[in-house]
Amino acid sequence: MNRNGIHHVTAIAGNARRNVEFYTRTLGLRLVKKTVNFDDPGTYHFYYGDEVGSPGTILTFFPWDHVAPGRLGIGETQETAFRVPAGAIGYWTQRFVEKGVAHSASVKRFGESVLAFKDPHGMRLALVGVVGAENEPAWLGTDVPAENAIRGFHSVNLLLAEAAPTGAILTDVFGFTEIGREGSLVRFKAEGTEIGGIVDIHAAGGFLPARMGGGSVHHIAFRAADDAAEFAMVKKLRENHGIATTEQKDRNYFRSIYFREPGHVLFEIATDIPGFAADEPVASLGEALKLPDFLEGRRSQIEAVLPEIA
């Protein structure tokens, strides 16, 4: 199994109920984990993905009801794109019209059709039509027909002042290779990886710095097979690039290390193990509120402040 590419993307949302409704009912993703922000347990942490929450399919959110909107700028993820079958772009365009989803006309990018849209809290997203994606597994617990369903991440697009310093981290530490340029975009791909295998860098100096808020991507996590692979990446960051990282943090479903890459985007390294079935069966993923052991004793007070989402 390939262990390169994107593990997950974490963003900031507004109202929790609206977030769940959009990603499960409109986009047809599975809510694979309902937990809390371990550093702010009065806030939900939602994970959406495929049936089992495979690395490369996971979009996560911290929802805050009264969050101020973010401002797009340098040092931020500009767009998060999902893979769909090449013939599904027409279906999704019509679905967005029917459901009132803000979207643009599809365009071509690196030879593929790209349908850009926004979620209810302003997050910039896209669907990319990929030849052959219809042969990949899809989550079927939704009204989106299997032949049109989302198949995990296609790519993330970073808005940076320059591409080369971040490109060096992608290639040396995370196993990506530069595979093309189109206008101001530089495309990097993880070898042998389809789902979650692409990072585009939009080099555009002169913009204001990004401001975090509703609709902003908080961080991007890249895959490490296990602890040994994760610490090998940390060693490369320190010795080859002079970049310091946090200590390893246990997130129950993966173990994480964080750092700021040269373009100031917050990157995470996340292990593939143990996965989202660590504390509940695959058949019932996302149904119950799951808490880490150190918060279990506070369950009643945490549940009392979390908003209803059913």
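## Briefing on a predicted single-chain model

Thr77 is buried, with a relative accessible area of 4%, where buried stands for under 20% relative accessible area, exposed for over 50% and partly exposed for values in between (1.4 Å probe, protein chains only). The model is a predicted one, in which local features need pLDDT of at least 70 and side-chain atom pairs count only at pLDDT 80 or more, while totals for chains, interfaces and linings use all residues. Residues are numbered from 1 along each chain as its sequence is written, and side-chain values use heavy atoms, with hydrogens and water left out.

**Overall architecture**

- The chain holds six helices and 16 strands, these being DSSP runs numbered from the N terminus, with helices as H or I of at least four residues and strands as E of at least two.
- The radius of gyration of the chain is 18 Å, which agrees with the value near 19 Å that a compact globule of 310 residues would have; the radius is taken over C-alpha atoms, and the globule rule is 2.2 Å times the number of residues to the power 0.38.
- Of the 310 residues in the chain, 54% are buried.
- Among contacts in the chain with a separation of 6 or more, 68% come from residues 24 or more positions apart, a contact being heavy atoms within 4.5 Å.

**Surface and charge**

- The chain carries 31 positive and 38 negative side chains, with the centres of the two sets 3 Å apart; Lys and Arg count as positive and Asp and Glu as negative, whereas His and the chain ends are not counted, and the place of a charge is taken as NZ of Lys, CZ of Arg, CG of Asp or CD of Glu.

**Buried strand positions**

- Thr77 lies in strand β5, which covers residues 76–85, and, leaving aside neighbours within four places in sequence, Thr77 is in contact with Arg124, Val156, Asn157, Leu158, Val217, Ile220 and Val265.
- Arg223 belongs to strand β13 (residues 217–224) and is buried, with a relative accessible area of 8%.
- The side chains of Arg223 and Asp272 are joined by a polar contact of 2.6 Å, a term for a pair of N or O atoms within 3.5 Å in which, within protein, one must be able to donate a hydrogen and the other to accept it, and for which residues adjacent in sequence count only if both atoms are side-chain atoms.

**Backbone geometry in loops**

- Most residues other than glycine have a negative phi, and most peptide bonds are trans.
- Phe110, in the loop between β6 (107–109) and β7 (112–118), has a positive phi of about 50 degrees although it is not a glycine, and at 22% relative accessibility Phe110 counts as partly exposed.
- His264, in the loop between β15 (255–260) and β16, likewise has a positive phi, near 80 degrees, and is exposed, with a relative accessible area of 55%.
- The peptide bond from Ile273 to Pro274 is cis, with omega near 5 degrees, and Pro274 lies in the loop between β16 (266–271) and α5 (293–296).

**Other loop residues and their surroundings**

- Glu51 sits in the loop between β3 (40–49) and β4 (58–63) and is partly exposed at a relative accessible area of 43%; not counting residues up to four places away in sequence, Glu51 touches Arg30, Val32, Trp139, Val282 and Leu285.
- Between Glu51 and Arg187, 136 residues apart in sequence, the C-alpha to C-alpha separation in space is 29 Å.
- Pro120, in the loop between β7 and β8 (124–130), is partly exposed at 29% relative accessibility and touches Arg18 and Phe22, not counting residues up to four places away in sequence.
- Leu208, in the loop between β12 (198–203) and β13, is exposed, with a relative accessible area of 56%, and touches Arg71, Gly73 and Ile74, not counting residues up to four places away in sequence.
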